[in-house]
Every structure is written in structure tokens, then in C-alpha cells.
Amino acid sequence: MLHVYTGTGKGKTTAALGVALRGSGYGMKTLMFSFLKDDPEYGEAKAYAAGFLPGFTLKQVGRDVFVNFKSPDPVDLKMCREGWEKAKKAIINREADIIILDEINIVLSAGLLPADEAGEFLAKHKNNGEIILTGRNAPKEIIKIADLVTDMQEVKHYFHKGIMSRNGIDH
């Protein structure tokens with residue numbers, strides 16, 4: 001099945017990681033491609049490095065810098081393309097039972113990769129395991145072919161009270 005977790009609310013990556021946790025309980029392998037995130041301090045990166053989740057592999061395929069979506073640095077475009085090519089290969093070869101493409105919705109909606117290309121590929125290969133796409137602004141091409149779409153909307157967030165991102169909770 002093709003899952004899409006999108007919207008302005010918190011919890012898209014967390015939901016995908018919850019599927020990975022459940023899958024590990026059944027001996028399933030998860031491969032997570034983390035677009036736009038290359039910070040070893042993210043909780044999922046620390047958990048992966050420590051080997052806490054059996055069968056879980058994390059590949060960070062972006063830089064740990066702010067990406068200017070209106071005028072992206074060529075290195076960001078290159079890293080997105082390389083990460084996408086690795087993800088496509090993993091999907092085709094069924095390298096894991098669950099493949100998470102974290103923050104790819106943003107990559108596609110901002111035009112760092114063509115949404116129509118991704119949609120065509122995923123439509124053809126979405127039955128090669130559980131494929132999960134996260135990030136805001138999921139393109140219509142992706143929503144149309146998805147088997148499950150969850151639109152997480154912010155109702156209230158402690159960020160608006162001045163509470164910044166917390167280790168282990170928000171990243």
C-alpha cells in the first residue's frame with residue numbers, strides 16, 4: 001500500500017516511525033530515506049545509530065541546512081535526485097518490507113523533484129511493499145494514487161507559546 005502523511009500538523013514522521021515500530025514486532029525490515037534532514041541529532045538518527053529498532057535502516061539523503069525552495073542550491077537538487085534514485089532502486093528491488101520517504105512531499109511540492117515523475121513511478125511500483133511518504137503539501141499526483149492519505153492539521157501547538165523543538169519529542 002502507498003501511505004501519505006501530510007498537512008500542517010505535527011506527527012507525520014512520527015506516524016511513519018510508528019508503522020516501522022509495529023512492523024519490527026513482526027520481523028519486518030524498514031528502510032527510511034530522510035530527505036532534507038542530515039542532522040545526527042534527530043531522534044530517529046540516534047536510535048538507528050544505537051541499533052534500537054531491529055531491522056530499521058536510516059539513510060539521510062539531504063543536508064543539515066535550510067533549503068531555499070524558491071532558489072535551491074544546486075547541491076540540494078543533486079542530493080534530492082541522488083536520494084530519489086536510491087529510493088527507487090530500493091523499491092524496485094524490495095529491499096525492505098516498509099520504505100519511508102521522509103519529507104519527500106515537500107521536495108515534490110517545491111519542485112526539487114518532478115511530482116509527475118514520482119507519481120508515475122509510485123503508481124507502477126506501489127505494490128512492492130508498504131511505501132510511506134511524509135511531509136507537508138503532498139502533491140495531487142501523489143494523493144490521487146495513494147491507498148491511504150492522512151492530513152494532519154494543527155489545532156494547537158506549544159510552539160506558539162515560545163516552546164521550541166524538544167529532543168526526543170519533536171526531532
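Reader: Is Lys126 buried or exposed?

Author: This is a predicted model, and in it Lys126 counts as buried because its relative accessibility is 16%, under the 20% cut-off.

Reader: What do the side chains of Asp147 and Lys126 form?

Author: Side chains of opposite charge can pair when their charged atoms come close. Here the two side chains of Asp147 and Lys126 meet in a salt bridge, at 3.2 Å from N to O. Asp147 sits in the loop between helix 6 and strand 6, and Lys126 in the loop between helix 5 and strand 5, so the pair ties together parts 21 residues apart in sequence.

Reader: Thanks! How many salt bridges are there by this rule?

Author: The count is eight. One of them joins Arg81 to Glu117, with the closest N and O atoms 2.7 Å apart. Because Arg81 lies in helix 3 and Glu117 in helix 5, this pair ties together parts 36 residues apart in sequence. Salt bridges with shared partners also join Arg81, Glu85, Lys88 and Glu117 into one network.

Reader: Now the core: which residues have the most contacts inside the largest nonpolar core?

Author: They are Phe33, Trp84, Leu101, Leu122 and Leu133, in a core of 32 residues. Helix 3 gives the most to this core, with five residues. Beyond its neighbours within four places in sequence, Leu133 is in contact with several residues, including Leu2, Val4, Leu101 and Ile142. A second, separate core has twelve residues, among them Met32 and Phe56.

Technical notes
Residues are numbered from 1 along each chain as its sequence is written. This is a predicted model: local features need pLDDT of at least 70, side-chain atom pairs count only at pLDDT 80 or more; totals for chains, interfaces and linings use all residues. Side-chain values use heavy atoms; hydrogens and water are left out. A nonpolar core is a set of buried Ala, Val, Leu, Ile, Met, Phe, Trp, Tyr and Cys residues joined through side-chain atoms within 4.5 Å. Buried means under 20% relative accessible area, exposed over 50%, partly exposed in between (1.4 Å probe, protein chains only). Helices (H or I, at least four residues) and strands (E, at least two) are DSSP runs, numbered from the N terminus. Contact means heavy atoms within 4.5 Å. A salt bridge is a side-chain nitrogen of Lys or Arg within 4 Å of a carboxyl oxygen of Asp or Glu.
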